[in-house]
Amino acid sequence: MDSMPEPLPLPPAPSRLPRPRAGLLIAVLLLSFVLGLAWLVAGQWQTESSRAALEDLRARSVRLHHLDTLLLQMLDAESSVRGYLLTRNPVYLRPYQEGQAGLEATLGALRADAWTDEGQRETVDHLALLIDMRWSLLTQAIERGVPPTAVQPDGGTGKQVTDDIRARILTLRAATQAEIDATQDGAFARFADARTMNRVLGASVLALLLVLVVVLYRQDRLRERMAQLLHSENERLHTEVAHRTQELSSLASYLTNAREAEKARLARELHDELGALLTAAKLDAGWIVRTLPADSLAPLRGRFDRLLDTLNQGIALKRKVVADLRPPLLSELGLVEALRALPDSGDIGEHGGALEIDLPESLPELPPPTALALYRIAQEALTNVRRYAQATRVRLRLRIEGDELELTVEDNGVGFDPAARGDDRHGLAGMAHRVQMLAGRLDIDSAPGQGTRITARVPFARMH
Ligand SMILES: Nc1ncnc2c1ncn2[C@@H]1O[C@H](COP(=O)(O)OP(=O)(O)OP(=O)(O)O)[C@@H](O)[C@H]1O
Ligand SMILES: [Mg+2]
């Protein structure tokens with residue numbers, strides 16, 4: 001990479017998502033429920049009142065029937081007695097003789113009837129007395145053997161009682177008929193009310209159902225739109241994240257390359273400039289020592305020795321710094337030799353455990369970035385072992401696996417949880433990035449107390 005990437009743009013504000021109107025739906029549902037309940041209660045009430053009206057009608061029809069039967073039984077008995085008295089044939093007397101039980105049964109049923117009107121009940125009681133009386137008169141007439149009309153032209157007391165009985169029965173009958181008519185009218189009026197109410201409630205429930213369907217349809221559309229919006233928002237974020245990851249990745253690559261270039265430049269300058277200066281100073285000092293007469297040198301001998309020693313230390317320090325900045329042997333002898341010399345470089349220092357090195361005899365020439373990346377990974381992994389692992393055994397291995405080059409640094413130390421790495425620790429992240437730049441992959445196998453194995457795999461075929 002030659003230039004720094006552009007600064008990252010701020011993401012646009014997310015678009016407002018429409019909100020479904022749940023309140024309206026709940027209101028419509030509640031109203032439908034209330035109307036449905038009202039319809040149910042009204043239906044129940046209609047059924048109950050119709051049943052009551054029908055029962056009322058049936059009871060009153062039975063009453064009418066009893067009244068008619070009573071009058072008929074009375075008149076039957078009378079004509080039976082009259083027939084007997086005229087013919088003296090006992091056959092005519094049979095309806096009279098058998099009629100009393102029937103009359104009493106009909107009167108009993110009428111008395112047991114649920115009369116709501118006190119006057120009507122009294123009329124029934126009175127009717128019973130009149131029938132009793134009429135019955136006695138008929139019995140007397142049979143005993144006397146003379147019909148009352150024979151002595152009294154107006155028919156006498158018997159006829160009056162019979163007329164009274166008939167009049168009372170007809171009065172009761174008319175009243176009952178009037179009640180029947182009133183019940184029927186009431187029932188018809190209630191039917192009309194019920195029909196209107198059913199129409200109104202039915203139309204309201206249908207209208208609410210329509211509203212419900214419309215609301216649900218609109219909510220469904222709204223949900224669909226929201227899903228679409230969310231989907232496109234997700235897509236946008238996904239693209240944004242991918243874009244930014246790509247930017248960060250190229251920024252990291254840029255920084256890694258820039259750091260390596262800077263290190264190489266520094267190493268070159270230290271080696272060429274500082275190295276030349278120190279060497280010249282050492283040569284000059286040596287020349288002075290060799291050239292000065294012995295008696296003039298004697299008092300200065302100690303100082304000159306110290307100066308030469310200091311210059312030697314400076315040269316050694318320069319060599320170490322240069323070696324750290326630009327791995328020695330890497331460009332001259334290749335990755336295998338550079339890795340073999342790695343434990344000797346003061347950079348890694350003592351790791352405290354036995355180091356086992358397993359490297360191939362030879363390796364085809366690798367592209368410099370690949371060799372440098374694998375070297376740096378091994379360097380960082382061994383530094384980590386020294387700093388944290390407290391291992392007794394360490395293994396550095398490089399091998400060709402199929403079309404991959406595989407570098408492994410393994411220790412039997414304290415291990416760690418790879419998922420819990422801190423933000424300010426960049427060693428492992430740097431390794432991963434270097435491998436990623438080469439289209440390879442890094443595996444970190446570790447757990448507390450179980451040692452650590454770092455494996456970097458990079459495609460090998462591409463390097464030929
Ligand atoms: N071989 C190892 N054994 C035990 N712990 C390790 C080992 N390698 C790494 N760790 C743990 O993983 C952490 C992260 O390591 P990493 O190299 O990423 O960061 P660092 O060494 O702490 O800092 P930096 O490398 O940036 O100077 C370390 O702090 C250490 O706790
Ligand atoms: Mg580290």
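**The ligand shell and the wider chain**

User: Which helix supplies the largest share of the shell around ligand 1?

Analyst: This is a predicted model. Two helices, helix 10 (368-389) and helix 11 (427-437), each give at least two residues to the shell around ligand 1. The largest share is four residues, and these come from helix 10.

User: Which residues come nearest to ligand 1?

Analyst: There are 15 residues around ligand 1. By class, this shell holds six nonpolar, six polar and three charged residues. Those that come nearest to ligand 1 are Asn384, Tyr388, Arg425, Gly427 and Leu428.

User: Are helix 10 and helix 11 roughly parallel or roughly antiparallel to each other?

Analyst: The axes of helix 10 and helix 11 are 10 Å apart, and the two helices pack at an angle of about 160 degrees. Angles over 145 degrees count as roughly antiparallel. Helix 10 and helix 11 are therefore roughly antiparallel.

User: Is the crossing of helix 10 and helix 11 left-handed or right-handed?

Analyst: The two helices pack with their axes 10 Å apart. Where helix 10 passes helix 11, the crossing is left-handed.

User: Is Gln390 buried, partly exposed or exposed?

Analyst: Gln390 is placed in the loop between helix 10 and strand 2 (393-401). Its phi is positive, about 50 degrees, although Gln390 is not a glycine. A residue needs 20 or more other C-beta atoms within 10 Å to be buried, and 12 or fewer to be exposed. Because Gln390 has 14 C-beta neighbours inside 10 Å, it counts as partly exposed.

User: Is Ala439 buried, partly exposed or exposed?

Analyst: Ala439 is in the loop between helix 11 and strand 4 (441-446). Its phi is near 60 degrees, a positive value in a residue other than glycine. Since the count of C-beta neighbours inside 10 Å is 9, Ala439 counts as exposed.

User: How far apart do the C-alpha centres of domain 1 and domain 2 lie?

Analyst: The domain assignment of the protein chain gives domain 1 as 22-223 and domain 2 as 327-463. The C-alpha centres of these two domains lie apart by 111 Å.

User: What distance separates the C-alpha atoms of Trp115 and Leu374?

Analyst: Trp115 lies in the loop between helix 2 (94-112) and helix 3. With 17 other C-beta atoms within 10 Å, Trp115 is partly exposed. Trp115 and Leu374 are 259 residues apart in sequence, and their C-alpha separation in space is 116 Å.

User: What distance separates the C-alpha atoms of Met226 and Leu292?

Analyst: Met226 belongs to helix 5, which covers residues 156-291. It has 14 C-beta neighbours inside 10 Å and so counts as partly exposed. Met226 and Leu292 are 66 residues apart along the chain, and the distance between their C-alpha atoms is 95 Å.

User: Are helix 3 and helix 5 roughly parallel or roughly antiparallel to each other?

Analyst: The axes of helix 3 (residues 118-144) and helix 5 come within 10 Å and cross at roughly 155 degrees. The handedness of this crossing between helix 3 and helix 5 is left-handed. An angle over 145 degrees counts as roughly antiparallel. The relation of helix 3 to helix 5 is therefore roughly antiparallel.

Technical notes
Residues are numbered from 1 along each chain as its sequence is written. Chains are lettered from A and ligands numbered from 1 in the order in which they are written. This is a predicted model: local features need pLDDT of at least 70, side-chain atom pairs count only at pLDDT 80 or more; totals for chains, interfaces and linings use all residues. A residue is near a molecule or strand if its C-beta atom, placed from the backbone, lies within 6 Å of it. Ala, Val, Leu, Ile, Met, Phe, Trp, Tyr, Cys and Pro count as nonpolar, Asp, Glu, Lys and Arg as charged, and the others, Gly among them, as polar. Domain bounds come from an automatic or database domain assignment. Axes are lines fitted to C-alpha atoms, for helices over the stretch in contact, and angles run from 0 to 180 degrees between N-to-C directions. Angles under 35 degrees count as roughly parallel, over 145 as roughly antiparallel, 65 to 115 as roughly perpendicular and the rest as oblique. A crossing is left-handed if the near helix is turned anticlockwise from the far one by less than a right angle, and right-handed if clockwise.
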